[in-house]
Amino acid sequence: MLASWYDAQGPAADVLHVGELPDPIPGHAEVRVRVTVSGVNPGDTKKRRGWLGSSMPYPRVIPHSDAAGVIDAVGDGVDAHRVGQRVWVYGAQSYRPFGTAAQYTVVPDHQAPPLPDHLSDELGASLGIPGITAHRTVFTDGPVDGRLVLVHGVLGGVGSLAAQLAHWAGATVIATVRRTADLGHVAPAVAHAVALDTGEPAAAIRSYAPRGVDRIIEVALSDNADLDNAVAANNAVIAAYATRVDRTEIPFWPLLFNNVTLRLLGSDDFPAEAKRQAARDLTSAAAVGALTVDVRDRYPLDEITKAHDHVDTGGVHGRILVTLPQ
């Protein structure tokens, strides 16, 4: 099969290779997926770079955890009728050496949920890390029907899906963007949008949520801790999946007196059943048209270095995908 891999960590141009590797064979309770589209996430490029001092977990790594494709072989213990089924894939390179940047990938059966025929491969390849993370931020602390949910960074991969999931589940969604110029790009699932470059973003949010917001989906806790404190309702939850400063400061006593829960979420180590429930809900929401993704760029596998560089530079909104030859 044609695949991309790295044998050492470093810049994409220095360590990523593209060439032929042996076709993988599914083991017990596994399926093999012929990949059509592979999704590139910041976590994939951080692993490749050795972010936060991480080392090579395996001698060779095929990157990427997310994909869409078709099951073409199954291991023992898997229903043979799954062969030929369109699926989306999550967690392919989570604690496993070989991900989805290849013509074939092998994953446990449950990590390849069916992809309804009317949904695109591009959407399927965007539901893994961003979708499951978004689901966890929204639903870990219970239903959001009738709640006010604030989503920071709503134009990002996780933020966009979190807003759509919260809206699908009955919440009123308030969202932030960095710049006023970005307000026109906010999805219809958002009831009210606020630009952080306005003079008083907390006052703007409070104008839509006088008693405060119940849930805060947080992409930059180090930047927004004071803002979150200013708009959180009593007993609110801040669900943070990222920050810009490793040792992030928070206004501890005001948050404490407001009985705010700070929940930190790392996608590789979500409970297995939480991932399965997220997969079920994401598929259901997508099937009824409640989820869309903005695809910024597609690259062929032989240009995977450009895809990784695009993700590494950041500052853009939209999904970066790698397409596989069929």
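Contact here means heavy atoms within 4.5 Å. The model is predicted, so local features need pLDDT of at least 70 and side-chain atom pairs count only at pLDDT 80 or more, while totals for chains, interfaces and linings use all residues. Residues are numbered from 1 along each chain as its sequence is written, and side-chain values use heavy atoms, with hydrogens and water left out.

H135 touches T140, L165, Q277, A278 and D281, leaving aside residues up to four places away in sequence. H135 belongs to helix α4, residues 129-139. Helices (H or I, at least four residues) and strands (E, at least two) are DSSP runs, numbered from the N terminus. H135 has a relative accessible area of 6% and is therefore buried. Buried means under 20% relative accessible area, exposed over 50%, and partly exposed in between, with a 1.4 Å probe and protein chains only.

Six strands make up an open sheet in the order β9-β8-β7-β10-β11-β12, with parallel pairing. Its edge strands, β9 (192-195) and β12, each pair on one side only. The twist from one strand to the next averages 20°. Two strands pair if DSSP finds at least two bridges between them. β11 and β12 run parallel and are joined by four bridges. A239 stands opposite R263 in β12.

Axes are lines fitted to C-alpha atoms, for helices over the stretch in contact, and angles run from 0 to 180 degrees between N-to-C directions.

| Helix | Strands it lies across | Angle |
|---|---|---|
| α6 | β7, β8 (172-177), β9, β10, β11 | about 170° to β9 |
| α7 | β7, β10, β11, β12 | about 160° to β11 |

The axes of α6 and α7 come within 9 Å and cross at roughly 30°. That crossing makes α6 roughly parallel to α7; angles under 35 degrees count as roughly parallel, over 145 as roughly antiparallel, 65 to 115 as roughly perpendicular and the rest as oblique. The crossing of α6 and α7 is right-handed, the term for a near helix turned clockwise from the far one by less than a right angle. P201, A202, I205 and R206 of α6 meet L227, A230 and V231 of α7. By class, the contact of α6 with α7 has six nonpolar, no polar and one charged residues. Ala, Val, Leu, Ile, Met, Phe, Trp, Tyr, Cys and Pro count as nonpolar, Asp, Glu, Lys and Arg as charged, and the others, Gly among them, as polar.

In helix α7 (residues 221-231), the buried residues are L221, N224, A225, L227, D228 and V231. These pack against α6 (201-208) and against the strands β7 (148-151), β10 (213-218), β11 (232-240) and β12 (261-264).
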